[in-house]
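Dear colleague,

I am handing over the structure below, and I would be grateful if you could look through it before reading my notes. The notes follow directly after it.

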Amino acid sequence: MFPTPIERTPRSWQVTYQSFLPLALILWLLPLIAVAIFSVKPESDFANANYWGWPSEFKGFANYWLVFTASDMPQYMLNSFKITIPTVIGAVALSCMTGFALGIYKFKANIWIFFMFVAGNFVPFQILMVPVRDLTLQLGLYNTITGLVLFHVAFQTGFCTLFMRNFIRALPFELIEAARVEGISEWRIFWFVVLPLMKPAIAALSVLMFTFIWNDYFWAIVLTQGVESQPVTAGITSFNAQYRAAYHLMSAGSIVAALPPVAMFFLMQRHFIAGLTLGAVK
Amino acid sequence: MAQASVAQDHQSSWWHRNQQQITPWLFLAPGILFFLFYVIFPIFQSFNLSLYEWDGLGQAEYVGLYNYEELYWDEAFYTSLKNNVIWLLLYLLAIPAGLFIALFLNQTVTGIRLYKSLFFFPFVISQVVVGLVFTWFYDPTFGILNVVLGAVGIPPMNVLGDENWVTVGIIVAGLWPQTAYCMILYLTGLNAVDPEQIEAGRLDGAKGWKMLWYIIVPQLRPATFIAFVVTIIGALRSFDLISVMTNGGPFGASRVLSFYMFEVALSEYGFRMGYGAAIAVVLFLIMLAFIAYFLRSMYKEEKAR
(Lines give C-alpha, C1' and ligand atoms only; values in the text may rest on other atoms or scores of the structure.)
Protein backbone atom coordinates (compact mmCIF):
# COMPACT_ATOMS: atom_id res chain seq x y z
CA MET A 1 0.00 0.00 0.00
CA PHE A 2 1.13 3.50 -0.77
CA PRO A 3 1.66 5.79 1.08
CA THR A 4 3.03 3.84 4.03
CA PRO A 5 0.13 2.64 6.18
CA ILE A 6 -0.31 4.93 9.12
CA GLU A 7 0.02 2.04 11.62
CA ARG A 8 3.61 1.55 10.50
CA THR A 9 4.67 5.17 11.02
CA PRO A 10 5.98 6.87 14.17
CA ARG A 11 3.43 7.61 16.87
CA SER A 12 3.86 11.37 16.47
CA TRP A 13 2.93 11.27 12.78
CA GLN A 14 -0.08 9.09 13.56
CA VAL A 15 -1.40 11.70 15.96
CA THR A 16 -0.73 14.52 13.50
CA TYR A 17 -2.56 12.65 10.76
CA GLN A 18 -5.54 11.78 12.91
CA SER A 19 -6.01 15.36 14.02
CA PHE A 20 -5.36 16.86 10.59
CA LEU A 21 -7.99 14.67 8.94
CA PRO A 22 -11.11 16.35 10.37
CA LEU A 23 -9.51 19.76 9.95
CA ALA A 24 -8.88 19.13 6.25
CA LEU A 25 -12.45 17.93 5.82
CA ILE A 26 -13.90 21.06 7.40
CA LEU A 27 -11.72 23.25 5.18
CA TRP A 28 -12.73 21.27 2.10
CA LEU A 29 -16.43 21.51 2.85
CA LEU A 30 -16.32 25.06 4.21
CA PRO A 31 -18.42 26.58 1.39
CA LEU A 32 -21.13 24.00 2.02
CA ILE A 33 -21.02 24.36 5.77
CA ALA A 34 -21.48 28.09 5.30
CA VAL A 35 -24.62 27.54 3.22
CA ALA A 36 -25.97 25.08 5.76
CA ILE A 37 -25.50 27.65 8.52
CA PHE A 38 -27.05 30.38 6.38
CA SER A 39 -30.12 28.24 5.86
CA VAL A 40 -30.97 28.05 9.57
CA LYS A 41 -30.38 31.71 10.35
CA PRO A 42 -33.15 34.22 10.94
CA GLU A 43 -33.53 37.10 8.50
CA SER A 44 -32.48 39.63 11.13
CA ASP A 45 -28.97 38.16 11.23
CA PHE A 46 -28.33 39.33 7.67
CA ALA A 47 -29.73 42.78 8.40
CA ASN A 48 -27.37 43.03 11.38
CA ALA A 49 -24.40 41.88 9.28
CA ASN A 50 -24.03 38.76 11.40
CA TYR A 51 -23.05 36.69 8.37
CA TRP A 52 -20.50 34.25 9.68
CA GLY A 53 -21.28 34.25 13.37
CA TRP A 54 -23.42 31.73 15.16
CA PRO A 55 -27.14 32.04 14.30
CA SER A 56 -28.75 34.31 16.86
CA GLU A 57 -31.75 32.03 16.75
CA PHE A 58 -32.47 28.67 15.13
CA LYS A 59 -34.89 29.32 12.28
CA GLY A 60 -34.25 26.16 10.26
CA PHE A 61 -37.79 24.80 10.30
CA ALA A 62 -39.34 28.16 9.48
CA ASN A 63 -36.97 28.77 6.57
CA TYR A 64 -37.42 25.36 5.00
CA TRP A 65 -41.16 25.50 5.61
CA LEU A 66 -41.28 28.77 3.71
CA VAL A 67 -39.35 27.28 0.80
CA PHE A 68 -41.89 24.48 0.53
CA THR A 69 -45.06 26.50 1.04
CA ALA A 70 -44.47 30.02 -0.25
CA SER A 71 -42.49 29.36 -3.43
CA ASP A 72 -42.64 27.31 -6.62
CA MET A 73 -39.97 25.00 -5.27
CA PRO A 74 -42.24 21.94 -4.84
CA GLN A 75 -43.36 22.24 -8.48
CA TYR A 76 -39.76 22.51 -9.68
CA MET A 77 -38.79 19.49 -7.61
CA LEU A 78 -41.68 17.51 -9.02
CA ASN A 79 -40.65 18.51 -12.55
CA SER A 80 -37.10 17.37 -11.85
CA PHE A 81 -38.34 13.95 -10.80
CA LYS A 82 -40.61 13.76 -13.84
CA ILE A 83 -37.66 14.53 -16.08
CA THR A 84 -35.02 12.46 -14.33
CA ILE A 85 -36.78 9.16 -13.73
CA PRO A 86 -38.07 8.53 -17.28
CA THR A 87 -34.70 9.58 -18.69
CA VAL A 88 -32.86 7.11 -16.48
CA ILE A 89 -35.21 4.30 -17.47
CA GLY A 90 -35.09 5.19 -21.17
CA ALA A 91 -31.34 5.62 -21.47
CA VAL A 92 -30.54 2.51 -19.44
CA ALA A 93 -33.01 0.40 -21.43
CA LEU A 94 -31.72 1.58 -24.79
CA SER A 95 -28.09 1.10 -23.78
CA CYS A 96 -28.69 -2.40 -22.43
CA MET A 97 -29.69 -3.27 -25.98
CA THR A 98 -26.96 -1.34 -27.79
CA GLY A 99 -24.37 -2.52 -25.28
CA PHE A 100 -25.45 -6.12 -25.82
CA ALA A 101 -25.29 -5.80 -29.60
CA LEU A 102 -21.85 -4.16 -29.57
CA GLY A 103 -20.43 -6.27 -26.77
CA ILE A 104 -21.44 -9.72 -28.01
CA TYR A 105 -21.57 -9.69 -31.81
CA LYS A 106 -18.66 -9.41 -34.18
CA PHE A 107 -19.44 -7.53 -37.38
CA LYS A 108 -17.60 -5.03 -39.50
CA ALA A 109 -19.40 -1.87 -38.48
CA ASN A 110 -19.24 -2.73 -34.77
CA ILE A 111 -16.31 -0.57 -33.75
CA TRP A 112 -17.46 2.36 -35.89
CA ILE A 113 -20.92 2.40 -34.39
CA PHE A 114 -19.32 2.17 -30.97
CA PHE A 115 -17.06 5.13 -31.77
CA MET A 116 -20.03 7.10 -33.06
CA PHE A 117 -21.66 6.76 -29.64
CA VAL A 118 -18.45 7.59 -27.79
CA ALA A 119 -17.56 10.59 -29.95
CA GLY A 120 -21.13 11.92 -29.86
CA ASN A 121 -21.08 11.78 -26.11
CA PHE A 122 -18.08 14.13 -26.03
CA VAL A 123 -19.29 16.89 -28.37
CA PRO A 124 -19.95 20.35 -26.93
CA PHE A 125 -23.63 20.94 -26.25
CA GLN A 126 -23.59 24.18 -28.22
CA ILE A 127 -23.09 22.44 -31.55
CA LEU A 128 -26.40 20.66 -30.93
CA MET A 129 -28.23 23.56 -29.35
CA VAL A 130 -29.91 25.35 -32.26
CA PRO A 131 -30.93 22.26 -34.28
CA VAL A 132 -32.19 20.38 -31.22
CA ARG A 133 -34.19 23.37 -30.05
CA ASP A 134 -35.59 23.69 -33.54
CA LEU A 135 -36.45 20.00 -33.75
CA THR A 136 -38.16 20.19 -30.37
CA LEU A 137 -40.15 23.22 -31.50
CA GLN A 138 -41.23 21.45 -34.68
CA LEU A 139 -42.35 18.39 -32.75
CA GLY A 140 -44.47 20.72 -30.63
CA LEU A 141 -42.52 19.66 -27.56
CA TYR A 142 -40.81 22.93 -26.69
CA ASN A 143 -41.32 23.80 -23.02
CA THR A 144 -42.57 20.30 -22.21
CA ILE A 145 -41.09 17.65 -19.97
CA THR A 146 -41.39 15.13 -22.81
CA GLY A 147 -39.22 17.24 -25.09
CA LEU A 148 -36.47 17.46 -22.52
CA VAL A 149 -36.70 13.75 -21.68
CA LEU A 150 -36.45 12.69 -25.34
CA PHE A 151 -33.28 14.68 -25.86
CA HIS A 152 -31.68 13.52 -22.62
CA VAL A 153 -32.43 9.87 -23.44
CA ALA A 154 -30.89 10.24 -26.89
CA PHE A 155 -27.78 12.06 -25.72
CA GLN A 156 -27.11 9.91 -22.66
CA THR A 157 -27.40 6.77 -24.78
CA GLY A 158 -23.88 7.65 -25.94
CA PHE A 159 -22.27 7.44 -22.54
CA CYS A 160 -24.49 4.56 -21.41
CA THR A 161 -23.56 2.52 -24.47
CA LEU A 162 -19.86 3.01 -23.76
CA PHE A 163 -20.44 1.87 -20.21
CA MET A 164 -22.65 -1.15 -20.98
CA ARG A 165 -20.59 -2.37 -23.91
CA ASN A 166 -17.39 -2.38 -21.86
CA PHE A 167 -19.16 -4.14 -19.02
CA ILE A 168 -20.56 -6.84 -21.31
CA ARG A 169 -17.17 -7.32 -22.95
CA ALA A 170 -15.81 -8.34 -19.55
CA LEU A 171 -18.43 -11.07 -19.06
CA PRO A 172 -17.38 -14.67 -19.75
CA PHE A 173 -18.20 -15.25 -23.42
CA GLU A 174 -18.36 -19.03 -22.89
CA LEU A 175 -21.77 -18.55 -21.29
CA ILE A 176 -23.19 -17.21 -24.54
CA GLU A 177 -21.51 -19.89 -26.61
CA ALA A 178 -22.89 -22.58 -24.33
CA ALA A 179 -26.37 -21.13 -24.65
CA ARG A 180 -26.06 -21.06 -28.45
CA VAL A 181 -25.02 -24.71 -28.51
CA GLU A 182 -28.18 -25.44 -26.56
CA GLY A 183 -30.08 -23.82 -29.43
CA ILE A 184 -31.39 -20.89 -27.38
CA SER A 185 -32.48 -17.97 -29.54
CA GLU A 186 -30.48 -14.76 -29.45
CA TRP A 187 -33.35 -12.79 -27.92
CA ARG A 188 -33.62 -15.29 -25.08
CA ILE A 189 -29.87 -15.18 -24.53
CA PHE A 190 -30.18 -11.44 -24.02
CA TRP A 191 -33.12 -11.75 -21.68
CA PHE A 192 -32.22 -14.82 -19.65
CA VAL A 193 -28.43 -15.04 -19.80
CA VAL A 194 -26.94 -11.58 -20.22
CA LEU A 195 -29.48 -9.26 -18.60
CA PRO A 196 -29.36 -10.94 -15.16
CA LEU A 197 -25.57 -10.57 -15.19
CA MET A 198 -25.90 -6.87 -15.97
CA LYS A 199 -27.70 -6.01 -12.76
CA PRO A 200 -24.69 -4.32 -11.11
CA ALA A 201 -24.04 -2.29 -14.27
CA ILE A 202 -27.68 -1.26 -14.44
CA ALA A 203 -27.61 -0.16 -10.81
CA ALA A 204 -24.38 1.81 -11.26
CA LEU A 205 -25.53 3.46 -14.44
CA SER A 206 -28.91 4.36 -12.97
CA VAL A 207 -27.48 6.28 -10.02
CA LEU A 208 -24.95 8.02 -12.26
CA MET A 209 -27.62 9.02 -14.76
CA PHE A 210 -29.88 10.21 -11.99
CA THR A 211 -27.23 12.62 -10.77
CA PHE A 212 -26.21 13.81 -14.23
CA ILE A 213 -29.76 14.50 -15.36
CA TRP A 214 -30.89 16.01 -12.09
CA ASN A 215 -27.97 18.45 -12.22
CA ASP A 216 -28.42 19.41 -15.86
CA TYR A 217 -28.86 23.13 -16.29
CA PHE A 218 -27.96 23.95 -19.88
CA TRP A 219 -30.64 21.91 -21.62
CA ALA A 220 -33.20 22.92 -19.04
CA ILE A 221 -32.83 26.58 -19.99
CA VAL A 222 -32.59 25.84 -23.73
CA LEU A 223 -35.64 23.58 -24.04
CA THR A 224 -37.96 24.77 -21.28
CA GLN A 225 -39.10 27.96 -19.64
CA GLY A 226 -41.48 28.60 -16.80
CA VAL A 227 -42.73 26.81 -13.73
CA GLU A 228 -44.77 24.18 -15.53
CA SER A 229 -41.81 22.33 -17.01
CA GLN A 230 -38.46 23.64 -15.70
CA PRO A 231 -36.44 21.42 -13.39
CA VAL A 232 -35.11 22.63 -10.07
CA THR A 233 -31.65 23.64 -11.35
CA ALA A 234 -33.26 26.21 -13.63
CA GLY A 235 -35.95 26.98 -11.08
CA ILE A 236 -33.43 27.93 -8.41
CA THR A 237 -32.33 30.92 -10.48
CA SER A 238 -35.88 32.29 -10.68
CA PHE A 239 -36.28 31.43 -7.03
CA ASN A 240 -33.22 33.55 -6.34
CA ALA A 241 -34.60 36.42 -8.37
CA GLN A 242 -37.77 36.23 -6.30
CA TYR A 243 -35.92 36.21 -2.98
CA ARG A 244 -33.00 38.44 -3.90
CA ALA A 245 -30.84 39.10 -0.83
CA ALA A 246 -32.97 36.76 1.29
CA TYR A 247 -29.91 34.62 1.89
CA HIS A 248 -31.53 32.33 4.42
CA LEU A 249 -34.20 31.32 1.90
CA MET A 250 -31.79 31.04 -1.02
CA SER A 251 -29.57 28.75 1.06
CA ALA A 252 -32.47 26.62 2.15
CA GLY A 253 -33.69 26.42 -1.45
CA SER A 254 -30.25 25.39 -2.72
CA ILE A 255 -29.97 22.67 -0.13
CA VAL A 256 -33.39 21.32 -1.02
CA ALA A 257 -32.45 21.35 -4.72
CA ALA A 258 -29.19 19.50 -4.05
CA LEU A 259 -30.67 16.90 -1.74
CA PRO A 260 -32.02 14.15 -4.04
CA PRO A 261 -28.74 13.38 -5.84
CA VAL A 262 -26.90 13.61 -2.52
CA ALA A 263 -29.32 11.14 -0.95
CA MET A 264 -28.95 8.91 -4.01
CA PHE A 265 -25.18 9.02 -3.66
CA PHE A 266 -25.15 8.09 0.02
CA LEU A 267 -27.71 5.32 -0.41
CA MET A 268 -26.07 3.78 -3.45
CA GLN A 269 -22.47 4.77 -2.81
CA ARG A 270 -20.88 1.51 -3.82
CA HIS A 271 -22.68 1.39 -7.16
CA PHE A 272 -22.10 5.08 -7.78
CA ILE A 273 -18.35 4.83 -7.34
CA ALA A 274 -18.14 1.58 -9.26
CA GLY A 275 -19.87 3.31 -12.15
CA LEU A 276 -17.76 6.42 -12.05
CA THR A 277 -14.48 4.58 -11.91
CA LEU A 278 -15.18 1.87 -14.47
CA GLY A 279 -12.03 1.65 -16.53
CA ALA A 280 -9.84 3.35 -13.92
CA VAL A 281 -8.32 -0.05 -13.16
CA LYS A 282 -7.18 -2.61 -15.68
CA MET B 1 -52.25 -25.27 -46.93
CA ALA B 2 -49.22 -27.38 -47.48
CA GLN B 3 -47.65 -24.58 -49.46
CA ALA B 4 -48.17 -22.08 -46.65
CA SER B 5 -46.52 -24.36 -44.16
CA VAL B 6 -43.58 -24.84 -46.50
CA ALA B 7 -43.28 -21.06 -46.88
CA GLN B 8 -43.41 -20.68 -43.16
CA ASP B 9 -40.82 -23.35 -42.74
CA HIS B 10 -38.65 -21.64 -45.25
CA GLN B 11 -39.10 -18.35 -43.47
CA SER B 12 -38.25 -19.67 -40.04
CA SER B 13 -35.18 -21.43 -41.31
CA TRP B 14 -34.08 -18.26 -43.06
CA TRP B 15 -34.46 -16.42 -39.75
CA HIS B 16 -32.74 -19.30 -38.08
CA ARG B 17 -29.77 -19.18 -40.43
CA ASN B 18 -29.34 -15.42 -40.30
CA GLN B 19 -30.32 -14.84 -36.71
CA GLN B 20 -26.83 -13.95 -35.58
CA GLN B 21 -26.37 -11.39 -38.36
CA ILE B 22 -29.70 -9.66 -37.89
CA THR B 23 -30.11 -9.64 -34.13
CA PRO B 24 -27.43 -7.02 -33.37
CA TRP B 25 -29.08 -4.60 -35.80
CA LEU B 26 -32.48 -5.10 -34.22
CA PHE B 27 -30.97 -4.36 -30.83
CA LEU B 28 -29.09 -1.35 -32.14
CA ALA B 29 -31.90 0.20 -34.17
CA PRO B 30 -33.72 2.23 -31.49
CA GLY B 31 -30.52 3.54 -29.90
CA ILE B 32 -28.94 4.46 -33.22
CA LEU B 33 -32.08 6.18 -34.52
CA PHE B 34 -32.43 8.29 -31.38
CA PHE B 35 -28.77 9.17 -31.41
CA LEU B 36 -28.75 10.07 -35.10
CA PHE B 37 -31.72 12.40 -34.82
CA TYR B 38 -30.70 14.18 -31.65
CA VAL B 39 -26.90 14.16 -31.83
CA ILE B 40 -25.33 13.26 -35.17
CA PHE B 41 -27.61 15.10 -37.61
CA PRO B 42 -27.67 18.28 -35.50
CA ILE B 43 -23.88 18.49 -35.76
CA PHE B 44 -24.12 18.69 -39.55
CA GLN B 45 -27.12 21.00 -39.35
CA SER B 46 -25.09 23.39 -37.21
CA PHE B 47 -22.28 23.37 -39.77
CA ASN B 48 -24.81 24.22 -42.44
CA LEU B 49 -26.56 26.82 -40.31
CA SER B 50 -23.30 28.66 -39.71
CA LEU B 51 -23.48 29.73 -43.38
CA TYR B 52 -26.81 31.49 -42.84
CA GLU B 53 -28.13 34.55 -41.11
CA TRP B 54 -31.22 33.44 -39.20
CA ASP B 55 -33.24 34.86 -36.30
CA GLY B 56 -34.86 31.52 -35.49
CA LEU B 57 -38.28 32.46 -36.88
CA GLY B 58 -38.21 34.07 -40.32
CA GLN B 59 -36.52 33.08 -43.54
CA ALA B 60 -32.86 32.09 -43.25
CA GLU B 61 -30.58 34.03 -45.57
CA TYR B 62 -27.52 32.40 -47.08
CA VAL B 63 -24.44 34.50 -46.36
CA GLY B 64 -21.58 32.11 -47.16
CA LEU B 65 -18.62 32.49 -44.83
CA TYR B 66 -19.70 35.93 -43.65
CA ASN B 67 -20.32 34.74 -40.07
CA TYR B 68 -16.76 33.45 -39.85
CA GLU B 69 -15.42 36.71 -41.22
CA GLU B 70 -17.34 38.59 -38.56
CA LEU B 71 -15.97 36.19 -35.96
CA TYR B 72 -12.47 37.06 -37.14
CA TRP B 73 -13.04 40.72 -36.26
CA ASP B 74 -15.01 40.07 -33.09
CA GLU B 75 -13.11 40.99 -29.96
CA ALA B 76 -15.55 39.16 -27.68
CA PHE B 77 -14.68 35.99 -29.60
CA TYR B 78 -11.00 36.36 -28.76
CA THR B 79 -11.75 37.06 -25.11
CA SER B 80 -13.81 33.86 -25.02
CA LEU B 81 -11.12 31.87 -26.80
CA LYS B 82 -8.45 33.14 -24.42
CA ASN B 83 -10.62 32.23 -21.45
CA ASN B 84 -11.16 28.76 -22.90
CA VAL B 85 -7.40 28.26 -22.97
CA ILE B 86 -7.11 29.47 -19.36
CA TRP B 87 -9.89 27.08 -18.38
CA LEU B 88 -8.15 24.17 -20.11
CA LEU B 89 -4.82 24.83 -18.44
CA LEU B 90 -5.99 25.63 -14.92
CA TYR B 91 -8.67 22.94 -14.89
CA LEU B 92 -5.95 20.33 -15.36
CA LEU B 93 -4.75 21.19 -11.85
CA ALA B 94 -7.65 19.03 -10.70
CA ILE B 95 -5.61 15.96 -11.67
CA PRO B 96 -2.56 16.46 -9.40
CA ALA B 97 -4.81 17.91 -6.69
CA GLY B 98 -7.05 14.85 -6.88
CA LEU B 99 -4.02 12.56 -6.72
CA PHE B 100 -2.72 14.45 -3.71
CA ILE B 101 -5.99 14.13 -1.78
CA ALA B 102 -6.30 10.48 -2.79
CA LEU B 103 -2.82 9.80 -1.36
CA PHE B 104 -3.78 11.66 1.78
CA LEU B 105 -6.91 9.56 2.24
CA ASN B 106 -5.46 6.19 1.18
CA GLN B 107 -5.24 4.88 4.74
CA THR B 108 -7.17 2.46 6.86
CA VAL B 109 -7.90 4.47 10.00
CA THR B 110 -11.36 4.32 11.55
CA GLY B 111 -14.02 6.29 9.72
CA ILE B 112 -11.90 6.73 6.60
CA ARG B 113 -14.74 5.50 4.41
CA LEU B 114 -16.93 8.34 5.61
CA TYR B 115 -14.09 10.79 5.06
CA LYS B 116 -13.67 9.59 1.51
CA SER B 117 -17.34 10.00 0.68
CA LEU B 118 -17.51 13.43 2.31
CA PHE B 119 -14.50 14.57 0.31
CA PHE B 120 -16.25 13.34 -2.80
CA PHE B 121 -19.43 15.20 -1.86
CA PRO B 122 -18.90 18.37 -3.98
CA PHE B 123 -19.07 16.33 -7.20
CA VAL B 124 -22.62 15.18 -6.50
CA ILE B 125 -24.00 18.70 -6.10
CA SER B 126 -25.31 20.57 -9.11
CA GLN B 127 -22.94 23.15 -10.57
CA VAL B 128 -25.71 25.71 -10.18
CA VAL B 129 -25.55 25.29 -6.42
CA VAL B 130 -21.74 25.22 -6.46
CA GLY B 131 -21.79 28.49 -8.38
CA LEU B 132 -24.17 30.06 -5.90
CA VAL B 133 -22.10 28.93 -2.94
CA PHE B 134 -18.91 30.34 -4.41
CA THR B 135 -20.60 33.62 -5.37
CA TRP B 136 -21.24 34.13 -1.67
CA PHE B 137 -17.77 32.93 -0.82
CA TYR B 138 -16.36 35.75 -3.01
CA ASP B 139 -18.96 38.36 -2.07
CA PRO B 140 -17.23 41.71 -1.45
CA THR B 141 -19.46 42.72 1.45
CA PHE B 142 -19.71 39.53 3.45
CA GLY B 143 -17.77 36.83 1.59
CA ILE B 144 -15.63 34.61 3.79
CA LEU B 145 -12.73 35.02 1.34
CA ASN B 146 -12.22 38.63 2.38
CA VAL B 147 -12.53 37.66 6.03
CA VAL B 148 -9.65 35.23 5.51
CA LEU B 149 -7.64 37.69 3.40
CA GLY B 150 -8.16 40.38 6.03
CA ALA B 151 -6.80 38.05 8.70
CA VAL B 152 -3.48 37.75 6.84
CA GLY B 153 -3.36 41.47 6.00
CA ILE B 154 -4.40 41.44 2.33
CA PRO B 155 -6.86 44.19 1.33
CA PRO B 156 -10.34 42.96 0.35
CA MET B 157 -11.00 42.18 -3.28
CA ASN B 158 -14.07 41.75 -5.43
CA VAL B 159 -13.06 38.64 -7.35
CA LEU B 160 -16.12 38.35 -9.57
CA GLY B 161 -16.19 42.06 -10.33
CA ASP B 162 -12.56 42.26 -11.41
CA GLU B 163 -11.84 41.62 -15.08
CA ASN B 164 -8.43 40.15 -14.30
CA TRP B 165 -9.56 37.77 -11.59
CA VAL B 166 -13.05 36.75 -12.57
CA THR B 167 -12.14 33.77 -14.79
CA VAL B 168 -9.69 32.39 -12.25
CA GLY B 169 -12.32 32.82 -9.55
CA ILE B 170 -14.86 30.80 -11.51
CA ILE B 171 -12.30 28.13 -12.36
CA VAL B 172 -11.49 27.69 -8.67
CA ALA B 173 -15.18 27.02 -8.08
CA GLY B 174 -15.09 24.46 -10.90
CA LEU B 175 -11.94 22.83 -9.56
CA TRP B 176 -13.70 21.99 -6.35
CA PRO B 177 -16.01 19.27 -7.75
CA GLN B 178 -13.55 18.29 -10.48
CA THR B 179 -10.80 17.59 -7.93
CA ALA B 180 -13.24 15.41 -6.04
CA TYR B 181 -13.88 13.44 -9.23
CA CYS B 182 -10.17 12.92 -9.93
CA MET B 183 -9.67 11.94 -6.29
CA ILE B 184 -12.20 9.13 -6.53
CA LEU B 185 -10.59 7.88 -9.76
CA TYR B 186 -7.18 7.77 -8.07
CA LEU B 187 -8.50 6.18 -4.89
CA THR B 188 -9.82 3.34 -7.02
CA GLY B 189 -6.54 3.20 -8.92
CA LEU B 190 -4.46 3.14 -5.74
CA ASN B 191 -6.51 0.21 -4.51
CA ALA B 192 -5.26 -1.85 -7.42
CA VAL B 193 -1.58 -0.93 -7.19
CA ASP B 194 0.51 -4.06 -7.00
CA PRO B 195 1.83 -4.38 -3.41
CA GLU B 196 4.72 -6.61 -4.53
CA GLN B 197 6.12 -3.84 -6.73
CA ILE B 198 5.95 -1.44 -3.80
CA GLU B 199 7.81 -3.87 -1.57
CA ALA B 200 10.39 -4.45 -4.29
CA GLY B 201 10.77 -0.70 -4.64
CA ARG B 202 11.21 -0.33 -0.88
CA LEU B 203 13.95 -2.96 -0.93
CA ASP B 204 15.69 -0.97 -3.67
CA GLY B 205 15.56 2.06 -1.43
CA ALA B 206 12.85 3.97 -3.27
CA LYS B 207 10.62 6.09 -1.09
CA GLY B 208 8.62 9.28 -0.98
CA TRP B 209 8.52 11.21 -4.27
CA LYS B 210 10.73 8.72 -6.11
CA MET B 211 8.45 5.86 -5.18
CA LEU B 212 5.44 7.90 -6.22
CA TRP B 213 6.85 8.98 -9.56
CA TYR B 214 8.57 5.79 -10.71
CA ILE B 215 6.44 3.05 -9.22
CA ILE B 216 2.98 4.37 -8.31
CA VAL B 217 2.16 6.88 -11.06
CA PRO B 218 2.94 4.49 -13.94
CA GLN B 219 0.53 1.97 -12.44
CA LEU B 220 -2.15 4.65 -12.21
CA ARG B 221 -2.09 5.20 -15.99
CA PRO B 222 -5.68 4.08 -16.67
CA ALA B 223 -7.00 6.36 -13.93
CA THR B 224 -4.91 9.25 -15.24
CA PHE B 225 -6.24 8.72 -18.75
CA ILE B 226 -9.86 8.92 -17.59
CA ALA B 227 -9.04 11.91 -15.39
CA PHE B 228 -7.60 13.70 -18.43
CA VAL B 229 -10.62 12.90 -20.59
CA VAL B 230 -13.22 14.05 -18.08
CA THR B 231 -11.23 17.14 -17.07
CA ILE B 232 -10.64 18.36 -20.63
CA ILE B 233 -14.25 17.74 -21.61
CA GLY B 234 -15.38 19.44 -18.40
CA ALA B 235 -13.17 22.48 -19.06
CA LEU B 236 -14.49 22.95 -22.58
CA ARG B 237 -18.07 22.43 -21.45
CA SER B 238 -17.92 25.05 -18.69
CA PHE B 239 -21.18 26.93 -18.86
CA ASP B 240 -23.28 26.53 -15.72
CA LEU B 241 -20.82 28.21 -13.38
CA ILE B 242 -20.30 31.20 -15.65
CA SER B 243 -24.01 31.60 -16.23
CA VAL B 244 -24.81 31.46 -12.51
CA MET B 245 -21.84 33.37 -11.09
CA THR B 246 -21.28 36.27 -13.48
CA ASN B 247 -23.49 35.83 -16.53
CA GLY B 248 -20.37 36.43 -18.61
CA GLY B 249 -19.48 39.70 -16.90
CA PRO B 250 -18.06 42.05 -15.90
CA PHE B 251 -18.22 43.51 -19.43
CA GLY B 252 -17.96 40.05 -20.95
CA ALA B 253 -14.62 39.35 -19.26
CA SER B 254 -15.58 35.85 -18.08
CA ARG B 255 -17.15 34.59 -21.31
CA VAL B 256 -16.00 31.34 -22.84
CA LEU B 257 -17.02 30.07 -26.27
CA SER B 258 -19.85 27.91 -24.94
CA PHE B 259 -21.31 30.82 -23.02
CA TYR B 260 -20.78 33.38 -25.75
CA MET B 261 -22.50 31.11 -28.24
CA PHE B 262 -25.54 30.84 -25.99
CA GLU B 263 -25.56 34.60 -25.48
CA VAL B 264 -25.48 35.31 -29.18
CA ALA B 265 -28.11 32.77 -30.14
CA LEU B 266 -30.58 32.72 -27.28
CA SER B 267 -30.52 35.75 -25.07
CA GLU B 268 -31.61 39.35 -25.02
CA TYR B 269 -28.64 40.24 -27.21
CA GLY B 270 -30.61 38.91 -30.14
CA PHE B 271 -31.36 35.64 -31.76
CA ARG B 272 -28.47 35.25 -34.17
CA MET B 273 -28.64 31.51 -34.76
CA GLY B 274 -26.21 31.49 -37.69
CA TYR B 275 -23.55 33.46 -35.88
CA GLY B 276 -24.05 31.30 -32.80
CA ALA B 277 -23.66 28.18 -34.93
CA ALA B 278 -20.37 29.55 -36.29
CA ILE B 279 -19.04 29.94 -32.72
CA ALA B 280 -20.26 26.44 -31.91
CA VAL B 281 -18.43 25.08 -34.96
CA VAL B 282 -15.16 26.59 -33.73
CA LEU B 283 -15.70 25.09 -30.28
CA PHE B 284 -16.59 21.77 -31.87
CA LEU B 285 -13.38 21.73 -33.94
CA ILE B 286 -11.29 22.38 -30.81
CA MET B 287 -13.07 19.54 -29.06
CA LEU B 288 -12.70 17.34 -32.13
CA ALA B 289 -8.92 17.43 -31.81
CA PHE B 290 -9.25 15.97 -28.31
CA ILE B 291 -11.98 13.52 -29.30
CA ALA B 292 -9.80 12.22 -32.12
CA TYR B 293 -6.94 11.71 -29.70
CA PHE B 294 -9.16 9.91 -27.18
CA LEU B 295 -10.61 7.65 -29.85
CA ARG B 296 -7.18 6.84 -31.19
CA SER B 297 -6.05 5.75 -27.72
CA MET B 298 -9.16 3.63 -27.34
CA TYR B 299 -8.70 2.14 -30.79
CA LYS B 300 -5.13 1.09 -30.04
CA GLU B 301 -6.28 -0.53 -26.84
CA GLU B 302 -9.04 -2.41 -28.66
CA LYS B 303 -6.53 -3.68 -31.20
CA ALA B 304 -4.16 -4.80 -28.48
CA ARG B 305 -6.81 -7.01 -26.92
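Helices and strands here are DSSP runs numbered from the N terminus, where a helix is H or I over at least four residues and a strand is E over at least two. Please keep in mind that this is a predicted model, in which local features need pLDDT of at least 70 and side-chain atom pairs count only at pLDDT 80 or more, whereas totals for chains, interfaces and linings use all residues. Residues are numbered from 1 along each chain as its sequence is written, and chains are lettered from A and ligands numbered from 1 in the order in which they are written.

I begin with the loop between H12 and H13 of chain B. Asn247(B) lies in that loop and has a positive phi of about 55° although it is not a glycine. Burial is judged by counting other C-beta atoms, placed from the backbone, within 10 Å of a residue's own: 20 or more is buried, 12 or fewer is exposed, and anything in between is partly exposed. Asn247(B), with 14 such atoms, is partly exposed. Phe251(B) is also placed in the loop between H12 and H13 of chain B; its phi is likewise positive, about 55°, although it is not a glycine, and with 11 C-beta neighbours inside 10 Å it counts as exposed. Pro250(B) lies in the loop between helix H12 (240-245) and helix H13 (257-266) of chain B, and a cis peptide bond, with omega about -5°, joins Gly249(B) to Pro250(B).

Elsewhere in chain B, helix H9 (residues 195-203) is hardly covered, since the count of buried residues among its nine residues is zero. Just after H9(B), Gly205(B) takes a positive phi of about 90°.

Turning to chain A, there are 15 helices and zero strands. The radius of gyration of chain A (taken over C-alpha atoms) is 24 Å, well over the 19 Å that the globule rule (2.2 Å times the number of residues to the power 0.38) gives for 282 residues, so chain A is more spread out than a compact globule. The C-alpha trace of chain A spans about 75 × 65 × 30 Å along its principal axes, and buried residues make up 45% of its 282 residues.

As for the two chains together, 80 residues of chain B are in contact with 74 residues of chain A, contact meaning that the C-beta atoms of two residues, placed from the backbone, lie within 7 Å. The largest share of the side of chain B that touches chain A, 20 residues, comes from helix H1 (residues 2-49) of chain B. By class, that side of chain B has 61 nonpolar, 16 polar and three charged residues, where Ala, Val, Leu, Ile, Met, Phe, Trp, Tyr, Cys and Pro count as nonpolar, Asp, Glu, Lys and Arg as charged, and the others, Gly among them, as polar.

One helix pair between the chains deserves a look: the axes of helix H2 (residues 30-38) of chain A and helix H6 (residues 127-138) of chain B come within 10 Å and cross at roughly 90°, the axes being lines fitted to C-alpha atoms over the stretch in contact, with angles running from 0 to 180 degrees between N-to-C directions. The contact is made by Pro31(A), Leu32(A), Ala34(A) and Val35(A) of H2(A) and by Val133(B), Phe134(B), Trp136(B) and Phe137(B) of H6(B), and these residues divide into eight nonpolar, no polar and no charged.

With best regards
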